[in-house]
Amino acid sequence: MASLRFPFSFSQPQLPRFPRPFTAFAAVAGASAAVVAVSSSDRPFLRNALSSFFSSHPSWPLWGSLSLADSGVTVVESKTGASFPSVIGTSQKLCGIGLRKKSILGLKNIHVYAFGVYADDDDIKRYLSEKYGKLSASQLQGNREFTEDLMENDISMTVRLQIVYSRLSIRSVRSAFEESVGSRLQKFGGSDNKELLQRFTSQFKDEFKIPRGSVIHLSREKGHILRTSIDGQEVGSIQSKLLCKSILDLYFGEEPFDKQAKEEIELNMASYL
């Protein structure tokens with residue numbers, strides 16, 4: 001698939017000229033680091049930027065042994081300043097970023113957290129290439145069956161939440177998940193899932209503090225295990241295909257928190273086939 005190549009090399013660093021949607025970019029030689037700042041309207045360029053960056057450096061072991069500190073690219077959501085590494089773990093690549101907003105008294109929207117969705121590209125190929133491999137990414141964008149298969153199959157994924165609202169409490173997070181995840185559990189599994197919902201939300205105990213900058217990971221691991229961590233500390237794991245699907249549906253399902261992010265996520269995942 002065609003991609004937009006970055007007009008720079010790390011041996012001869014320079015500040016490149018980009019099409020207008022990029023708000024900022026910096027390359028740092030020697031440290032192998034780059035930062036891309038992206039606003040909400042810039043997200044269609046995120047796919048091209050990251051795809052070009054990695055495809056133009058195929059010899060870099062970015063998806064293998066390098067740590068996050070060495071992995072090279074950080075994407076910054078410009079409205080909030082929240083930053084997202086291009087890779088987490090050893091193989092999950094950033095597919096898109098978005099914002100979770102909340103209306104106050106119907107008068108004002110606040111930014112609660114920024115989020116990034118990651119997926120293992122090898123898993124996507126393994127499970128879905130036979131069915132969708134002959135279709136282009138643009139043909140698969142908005143394809144409900146493809147989105148359903150992404151959520152149903154045992155593909156390793158992580159939703160990274162970065163808190164940007166300084167007055168957010170863990171109790172508010174727990175309450176919000178009770179509502180949003182609860183509605184998805186009912187949507188996909190019927191009404192008899194109160195115990196499963198309680199097991200999930202009880203992980204967000206009052207003892208945890210989540211100031212601005214805190215990071216929550218919701219990771220689907222092999223066997224449809226949802227593993228939750230707060231600022232690097234694991235707080236629980238639950239094996240449930242229904243719960244994993246319900247979490248993912250919030251971010252790229254039929255009624256996502258951020259519709260533009262959903263489009264970007266789907267397009268990136270499709271490009272891995």
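A residue is called buried under 20% relative accessible area, exposed over 50% and partly exposed in between (1.4 Å probe, protein chains only). The model is predicted, so local features need pLDDT of at least 70 and side-chain atom pairs pLDDT 80 or more, whereas totals for chains, interfaces and linings use all residues. Residues are numbered from 1 along each chain as its sequence is written, and side-chain values use heavy atoms, without hydrogens and water.

**View 1. Overall architecture of the protein.** Eight helices and eleven strands make up the secondary structure of the protein, taken as DSSP runs numbered from the N terminus (helices H or I, at least four residues; strands E, at least two). Of the 273 residues in the protein, 51% are buried.

**View 2. The largest nonpolar core and the surroundings of Phe252.** This core, a set of buried Ala, Val, Leu, Ile, Met, Phe, Trp, Tyr and Cys residues joined through side-chain atoms within 4.5 Å, holds 51 residues, of which Phe177, Phe200, Leu218, Tyr251, Phe252 and Met269 touch the most other members. Helix α7 (residues 241-252) contributes the largest share of this core, with seven residues. Leaving aside residues up to four places away in sequence, Phe252 is in contact (heavy atoms within 4.5 Å) with Val117, Thr147, Leu150, Met151, Met157, Lys262, Ile265, Glu266 and Met269. A second, separate core has eleven residues, among them Val75, Ala82, Phe84 and Ile88.

**View 3. The salt bridge between Glu148 and Lys245.** With a salt bridge taken as a side-chain nitrogen of Lys or Arg within 4 Å of a carboxyl oxygen of Asp or Glu, the count comes to 15. In the pair shown, the closest N and O atoms of Glu148 and Lys245 are 2.4 Å apart; Glu148 belongs to helix α4 (residues 144-152) and Lys245 to helix α7, 97 residues apart. Glu148 is partly exposed at 31% relative accessible area, whereas Lys245 is buried at 7%. Both residues take part in a network of salt bridges that links Glu148, Glu152, Lys241 and Lys245.

View 4. Arg174 and Asp206 meet through their side chains in a salt bridge of 2.9 Å, N to O; because Arg174 lies in helix α5 (residues 170-189) and Asp206 in the loop between α6 (194-201) and β9 (215-221), the pair ties together parts 32 residues apart in sequence. Arg174 is buried at 16% relative accessible area, while Asp206 is partly exposed at 41%. Lys187 forms a salt bridge with Asp249, their closest N and O atoms being 3.6 Å apart; Lys187 is in helix α5 and Asp249 in helix α7, so this pair ties together parts 62 residues apart in sequence. Lys187 counts as partly exposed at 42% relative accessibility, and Asp249 is buried at 1% relative accessible area.
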